[in-house]
Amino acid sequence: MGDEEMNGGAGSMDSMESRWVFQDEDESEIDEDEDEDQHRTTVMDSEDDEDDDNAEQRLIRTGPRIDSFDVEALEVPGALRNEYEDYSLGRKLVIAFQTLGVVFGDVGTSPLYTFSVMFSKAPINGNEDVLGALSLVLYTLILIPLLKYVLVVLWANDDGEGGTFALYSLICRHAKVSLLPNQLPSDARISSFRLKVPSPELERSLKIKERLEASLTLKKLLLMLVLAGTSMVIADGVVTPAMSVVSAVGGLKVGVEAINQDQVVMISVAFLIILFSVQKFGTSKVGLAVGPALFIWFCSLGGIGIYNIVQYDSSVLRAFNPIHIYYFFKRNSTKAWYSLGGCLLCATGSEAMFADLCYFSVRSVQLTFVCLVLPCLMLGYLGQAAYLMENPSGADQAFFSSIPIGAFWPVFLIANIAALIASRAMTTATFSCIKQSMALGCFPRLKIIHTSRKFMGQIYIPVVNWFLLVVCLVSICSISSIDEIGNAYVLWSVGDGSWIILVFAIIMFFIMFIWNYGSKLKYETEVKQKLSMDLMRQLGSNLGTIRAPGIGLLYNELVKGIPAIFGHFLTTLPAVHSMVIFVCIKYVPVPVVPQSERFLFRRVCPKSYHIFRCIARYGYKDVRKESHQTFEQLLIESLEKFIRREAQERSLESDGDDGDTDSEDESSCSRVLIAPNGSVYSLGVPLLAEHKESSKPISEASTSDEVRSVPPTDPEISDAEQSIERELSFIRKAKESGVVYLLGHGDIRARKDSWFIKKLIINYFYAFLRKNCRRGIANLSVPHSHLMQVGMTYMV
């Protein structure tokens with residue numbers, strides 16, 4: 001994929017061994033505004049301009065192919081790329097059982113209301129209408145859940161992650177379409193990127209890739225489509241509980257004549273409050289507990305269907321002939337088109353199979369749907385249609401009216417339990433979508449609770465949970481009829497009840513759009529106002545102030561350059577720490593980043609300044625639950641590895657020079673390296689340019705890059721080792737003095753000459769979201785005594 005392809009040459013990066021690759025100068029990640037002398041120490045400048053093969057290259061080693069999750073996940077044995085691949089058949093069956101309670105509850109309870117809504121739009125005028133509606137439902141189940149999702153969409157996952165933003169992250173990984181300009185070429189060297197080598201299939205998509213990367217309009221359009229799709233999935237998380245619970249409780253009107261619709265609504269409200277209250281107990285616990293209930297529900301659905309087919313009319317099997325769909329539209333014309341909205345209800349919740357994929361494996365979802373869910377659903381609809389062939393007046397409560405009298409109350413109980421479980425399917429899908437959108441910079445940061453120590457994708461978002469409950473209750477109380485709630489799937493029925501859900505979807509869309517727009521403006525402004533290296537040179541190693549013992553971790557969003565907020569700290573505080581590390585928490589478009597490749601370091605200034613940059617990279621599925629002490633320990637250990645690797649590069653350079661500084665001899669001399677796997681490599685190009693005492697390296701590499709060289713014979717190596725120990729000792733003493741988190745709260749305001757709409761969005765809407773969102777540092781639980789905050793406002 002152009003500059004982002006890995007030069008190592010292998011396809012999927014599944015090997016556990018490290019590999020050495022050469023990186024061309026055009027992939028260099030050196031800041032253009034940083035010291036030019038430092039730049040020269042990290043790039044191999046060949047004096048022979050005619051030799052293109054050796055010109056401006058440097059040695060890069062990719063990290064080990066370990067795909068562990070985060071600190072907590074390291075405690076889980078075998079927490080590799082896919083948690084489910086190595087399970088036994090028995091364990092896979094248990095997981096498939098859990099999918100009933102988490103994934104298929106929504107689509108599984110659709111027989112409660114599908115025919116009722118369809119025949120409210122196109123009343124039954126004969127048996128042909130029943131056959132036509134049944135044929136529509138059967139082929140909708142075949143086309144949408146089975147063919148579209150089970151056989152196609154589920155395979156388009158991002159390393160086990162499903163949902164709209166998972167697909168968007170895949171596109172961002174293979175094409176430069178992200179609107180947030182914080183991408184680095186080093187991101188493509190994360191082992192979980194898994195970019196493939198060129199192939200005819202990839203070459204065919206190259207034109208689309210180039211078109212996307214070259215057009216800002218297409219990038220924005222792609223983002224709008226992603227935001228729109230996600231907002232609709234979230235809105236579906238409101239429709240589904242309302243539809244399922246109201247329709248299930250509505251069965252009371254069949255069993256008890258004294259029950260009216262107002263009482264059905266009140267009971268539904270109570271059930272929904274209980275449902276959203278138990279959401280915090282987690283997917284695995286709830287899924288395993290309610291899996292048996294859903295299993296009984298599907299078996300009951302299939303059993304009642306078989307009974308009704310035998311009891312009433314087996315000719316409903318003719319509905320598998322799609323010609324009856326044609327007859328249905330011919331007989332009902334416009335009404336048939338209106339009934340399509342009700343027909344789609346039979347497939348509602350199908351998107352949960354993809355959005356909830358992070359909770360389970362592809363195989364478990366496919367196995368459960370094909371072997372149990374689809375057959376039972378079809379039998380259920382066939383049975384209802386057989387009943388309606390002889391009892392067309394029961395269409396308003398087709399499911400409960402078709403239940404045999406002796407089995408009514410047990411089935412009613414199971415139906416209500418199944419409806420409550422079904423309501424969780426889209427709620428858990430909503431949690432997954434919002435977490436992905438947060439990681440990719442399209443949603444305000446919220447508190448996320450991980451409900452399972454074994455499966456990192458199982459999460460609970462309290463704010464979203466209670467917000468969905470409120471909107472759901474408002475919808476039920478405002479639209480009490482199941483037919484009106486069903487209008488949410490028919491765009492021309494907005495005025496009949498679906499306007500609440502549409503408004504909710506629009507609100508979610510604008511929240512995501514405003515957050516992405518404001519974040520992009522803020523980042524671009526910080527890039528423009530970053531401090532220059534000339535200013536840092538003028539200040540000197542003391543930075544124009546007093547350097548107090550200790551380490552200051554300055555959090556900012558820049559991946560390059562010195563943030564302007566640092567200058568604000570220098571002018572505001574009486575002293576600055578003896579060691580300063582600019583920490584950037586960055587999410588990359590991959591599900592997980594291996595712990596060994598988490599931190600990326602670089603020297604920002606000459607060695608005497610003791611200033612570094614650290615980019616902590618996370619995938620959108622990674623769990624950030626480590627304490628601040630653990631984070632500090634990991635960061636310091638990674639910094640020490642970086643310093644040792646930097647010194648090893650110097651020793652390799654001096655060892656190859658053999659005391660001769662002639663550039664032609666240096667270009668032709670041979671280098672011998674021993675990689676961690678024991679292989680010996682001979683290099684025909686110098687590893688680094690000639691090291692000058694006045695220049696300091698700012699090489700950037702993953703902290704897993706450890707190189708063993710053939711022991712050099714240079715008598716000056718002892719001085720180099722002493723220099724390393726002095727710097728490491730300096731770091732340890734600074735760590736002992738204490739670590740302080742320097743938080744710069746950079747807010748943005750629209751300029752006075754800006755358009756009114758921009759002022760409204762930035763000064764009010766985005767400011768409100770930013771004020772009420774969760775701070776990025778909150779995940780580390782840092783004590784207030786270790787925090788130091790400075791505010792700064794940017795005009796955009």
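**View 1. The largest nonpolar core of this predicted model has 129 residues.** A nonpolar core here is a set of buried Ala, Val, Leu, Ile, Met, Phe, Trp, Tyr and Cys residues joined through side-chain atoms within 4.5 Å, where buried means under 20% relative accessible area with a 1.4 Å probe, protein chains only. Touching the most other members are F104, F115, W297 and F298. The most residues, 16, come from helix α16 (residues 362–390); helices are DSSP runs of H or I, at least four residues, numbered from the N terminus.

**View 2. Here are the contacts of F298.** Setting aside residues up to four places away in sequence, F298 touches L100, F104, G108, L372, V373, C376 and L377; contact means heavy atoms within 4.5 Å.

**View 3. Helices α9 (residues 216–249) and α11 (residues 261–277) pack at about 130°.** Their axes, lines fitted to C-alpha atoms over the stretch in contact, lie 9 Å apart. P241, V245, V246 and V249 of α9 meet Q261, V264, I267, S268, F271, L272 and F276 of α11.

View 4. K522 counts as buried because its relative accessibility is 3%. Beyond its neighbours within four places in sequence, K522 contacts E557, G746, I748, Y766 and R770.

**Notes for all views.** Residues are numbered from 1 along each chain as its sequence is written, and side-chain values use heavy atoms, without hydrogens and water. As the model is predicted, local features need pLDDT of at least 70 and side-chain atom pairs count only at pLDDT 80 or more, while totals for chains, interfaces and linings use all residues.

Terms used. Axes are lines fitted to C-alpha atoms, for helices over the stretch in contact, and angles run from 0 to 180 degrees between N-to-C directions. Helices (H or I, at least four residues) and strands (E, at least two) are DSSP runs, numbered from the N terminus. Buried means under 20% relative accessible area, exposed over 50%, partly exposed in between (1.4 Å probe, protein chains only).
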